[in-house]
Amino acid sequence: MQTVDPRAAGFDPGKLARIDAHFRAYVDDGRLPGFDVVVMRGESVAWRARHGWAHVERREPLREDSIYRIYSMTKPITSVALMMLVEEGRVRLTETVGTYLPSFAAPRVYLDGGVLTPRTAEAREPMRVWHLLSHTAGLTYGFHYATPVDEIYRRAGFDFGAKITDDLAGLCDRYAALPLLHEPGASWNYSVATDVVGRIVEVVSGRSLDEFFRERIFGPLGMRDTSFGVDDARQDRLASLYTGYLRTPATFAEAMDRGARRRPPYWSGGGGLTSTVEDYVSFMRMLVRRGALGPQGGRLLSRATVDLMTANHLPGGVDIGSWGHTYGWPDYEGMGFGLGFSVQTGLGAGHTYTPAGMYGWGGMASTAFWIDPAHEVSAAFFTQLIPSTTWPIREELRALVYGALAD
């Protein structure tokens, strides 16, 4: 990956070097297996640093083209896919989800009661497409372990590492049969909603999500190594997955690791992709250009659509910390949500510099990216450590990047 002189990009190179030193310490004392970090100014890469191991036990170093499980960093890609169909007039954000997926036509909301005999009521408000994109639909994840609805999901087989044999159509029908955590549009809750978005893409486009991604997004952006699962020819490039402290991969991490090494039973728009640093930077550059492919011309999205996606869609401009289900996660202070991206509304968690309008998201294995249009600063961090809250990587990276700005 070609880089520019950090000084020409407005950075102090000596201070950018702190990023490498800081996270090298994480690797050397066993907190991370390895990392690959990129800092951009505009479309140009001003800094890239890589250190550590793709496979700790075998002492195999990370490569420039190592493949990572990006998990929920899949969500922005799926959201872009849907918005491409919105631009074509084939999907309306205010249309009910049931219009495209009939199993969601009459959702029911959890009221009270036990997980075996929950009391529910028909939703008073319809679930709309924009609710899915903004995580306000009332869906949830079983791994939250916070509400009876989460446990209902787990008992239905939806938990970390659970074996799922459904295709995406069958999976979404099963989600539709479970009670909602809250009325659509009444709160924010991180959820399986983006998997449902992926199914809408399939139904409307007449293509599998895998095909749509390859033909409409990965091909135009040159993302050659981004896919659902890793084929045999690239197995040696897939970094191993770890959990907690890294002395030995846990059984859970081993099961999750194997999941990326084969063709999945369904295309998870919420968390199923594997990718490389170079590929994901190509996706970020498209967003930095507000939808444009590059000097060669052409667009994935219009500028207006990117602006719409990266605006805060929570009612009244509130942040998740004051309006959503946060489960004690401090990151949601000062963070709103758009159509597929978190959107910073002001001073963020940890009181690090998080300017209004900064947007991005992260993945379960501690990967993350952000784009700050006001200062034309972007960054991406790749590693393979579950959960993403093990260390305050994202907060520290923001402090290091903005501390290196010289202009």
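Tutor: Gladly, and please keep in mind that this is a predicted model. We can begin with a pair of helices, where α6 passes α7 in a left-handed crossing.

Student: How are two packed helices described, and at what angle do the axes of α6 and α7 cross?

Tutor: Two packed helices are described by the angle between their axes and by the distance between those axes. Here the axes of α6, residues 168-176, and α7, residues 193-205, come within 10 Å and cross at roughly 130°. Because angles over 145 degrees count as roughly antiparallel and 65 to 115 as roughly perpendicular, α6 is oblique to α7.

Student: Which residues of α6 and α7 meet?

Tutor: On the α6 side they are L168, A169, C172 and Y175, and these meet D195, V196, G198, R199 and E202 of α7.

Student: How do strands β5 and β6 run, parallel or antiparallel?

Tutor: Strand β5, residues 108-112, and strand β6, residues 119-122, run antiparallel and are joined by 4 bridges.

Student: Which residues touch the most other members of the largest nonpolar core?

Tutor: That core has 92 residues, and those touching the most other members are F104, L132, L139, I200, I217 and F369. Leaving aside residues up to four places away in sequence, F369 touches several residues, including M73, Y280, F341 and W361.

How values were computed:
Residues numbered from 1 in each chain as written. Predicted model: local features only at pLDDT ≥ 70, side-chain atom pairs only at ≥ 80, totals over all residues. Heavy atoms only, no water. Pairing = 2+ DSSP bridges. Core = buried A, V, L, I, M, F, W, Y, C linked by side-chain atoms within 4.5 Å. Buried < 20%, exposed > 50% of the residue type's maximum accessible area, 1.4 Å probe, protein only. Contact = heavy atoms within 4.5 Å. Axes fitted to C-alpha atoms, helices over the stretch in contact; angles between N-to-C directions. Parallel < 35°, antiparallel > 145°, perpendicular 65-115°, else oblique. Left-handed = near helix turned anticlockwise from the far one by under 90°.
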